[in-house]
Amino acid sequence: MKIEVLGMGCTNCNKLYQNAVEAVKLSGKEIEVTKVEDIKKIMSYGVLSTPALVIDGLVKVAGKVPKVEDIKEWIK
Amino acid sequence: MKGWEMTEKCLCEPNEVIIFSCAGSSNVGQIANQAAIKLAQDGVGRYFCLAGIGGHVSGMIESTKAGKMLIAIDGCSVGSAKKTLEHAGFNISEHVQVTDLGIEKNHNLNILSPDINKVAQHLESQISQRRGLR
């Protein structure tokens, strides 16, 4: 499994990254969480609102910061 | 800052108003599309890709969910933009049909600026009214 956090470094983008890292930690799984800050790569996902969370290539949420519990549920 | 300029700089600004057009293969479909572009260039809202909604592109679906006001511009009564958005589960805030504004449908694609402006001005007024109501 692969998690990508799309965003150009704003406060919400950083918050989403932290939530994703926390969710992975709580899940006990070994999942890589990477930041994607390049706007061309972000737009290649069809995302027009950031921050966004991508799990295995699928955009799960865009334009808001999901809770740790939600992310944990998605990576079950 | 105008909406279309923001696209190149940051995507973290909230997309309050999201605009879709049918872009159909008639004069009114193309007027709908040009009106959507004009509204985006004038900073009224963000222009989104209707084909991405029809194709269930996850990034576009999720980005649209983050919008507060969804605008659909259709050329004619076929209502492709409205139907595509509704099929994907979205509630449309404001919908306009170009033919309802007195522009007759034909297949001459040499569209006229006054027609584009008429549709854009109509929607700008509708959106302003909605913003005032909230």
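Helix H4 of chain B lies across strands S3 and S4 of chain A, running at about 10° to S4(A). Axes here are lines fitted to C-alpha atoms, for helices over the stretch in contact, and angles run from 0 to 180 degrees between N-to-C directions. Helices (H or I, at least four residues) and strands (E, at least two) are DSSP runs, numbered from the N terminus.

This is a predicted model: local features need pLDDT of at least 70, side-chain atom pairs count only at pLDDT 80 or more, and totals for chains, interfaces and linings use all residues. Residues are numbered from 1 along each chain as its sequence is written, while chains are lettered from A and ligands numbered from 1 in the order in which they are written.

**The helix H4(B)**

A residue is buried if 20 or more other C-beta atoms lie within 10 Å of its own, exposed if 12 or fewer, and partly exposed in between; C-beta atoms are placed from the backbone. The buried residues are Ser58(B), Gly59(B), Met60(B), Glu62(B), Ser63(B) and Thr64(B). Their cover includes S3 (52-55) and S4 (58-62) of chain A, plus strand S1 (17-21) and helix H3 (50-54) of chain B.

**The chain A sheet**

Chain A holds an open sheet of 4 strands in the order S2-S1-S3-S4, with mixed pairing. S2 (32-36) and S4 of chain A are the edge strands, each pairing on one side only. Neighbouring strands are turned by 20° against each other on average, direction ignored. Helix H1 (residues 11-27) of chain A packs on this sheet, touching S1 (2-6), S2 and S3 of chain A, and its direction makes about 165° with that of S1(A).

Two strands pair if DSSP finds at least two bridges between them. The table lists pairs from both chains.

| Strand pair | Sense | Bridges |
|---|---|---|
| S1(A) and S2(A) | parallel | 5 bridges |
| S3(A) and S4(A) | antiparallel | 4 bridges |
| S3(B) and S4(B) | parallel | 4 bridges |

Leu6(A) stands opposite Val36(A) in S2(A). From S1(A) the chain crosses through H1(A) to S2(A), and this β-α-β crossover is right-handed. Right-handed means that, with the strands pointing away from the viewer, the path from the first strand over the helix to the second runs clockwise. In chain B, Asp74(B) has Gln97(B) in S4(B) as its bridge partner. The crossover from S3(B) through helix H5 (residues 80-87) to S4(B) is also a right-handed β-α-β.

**Between the chains**

In total, 20 residues of chain A are in contact with 15 residues of chain B. Contact requires C-beta atoms, placed from the backbone, within 7 Å. S4(A) gives the largest share of the chain A side, 4 residues.

**The nonpolar core**

The largest nonpolar core has 58 residues; among those touching the most other members are Ala20(A), Ile19(B) and Ala32(B). Such a core is a set of buried Ala, Val, Leu, Ile, Met, Phe, Trp, Tyr and Cys residues joined through C-beta atoms within 7 Å. Ile19(B) lies in S1 of chain B. This residue counts as buried because it has 28 C-beta neighbours inside 10 Å. Not counting residues up to four places away in sequence, Ile19(B) touches residues including Ala36(B), Leu39(B), Phe48(B), Ile71(B) and Ile73(B).

Note on methods:
Two residues are in contact if their C-beta atoms, placed from the backbone, lie within 7 Å.
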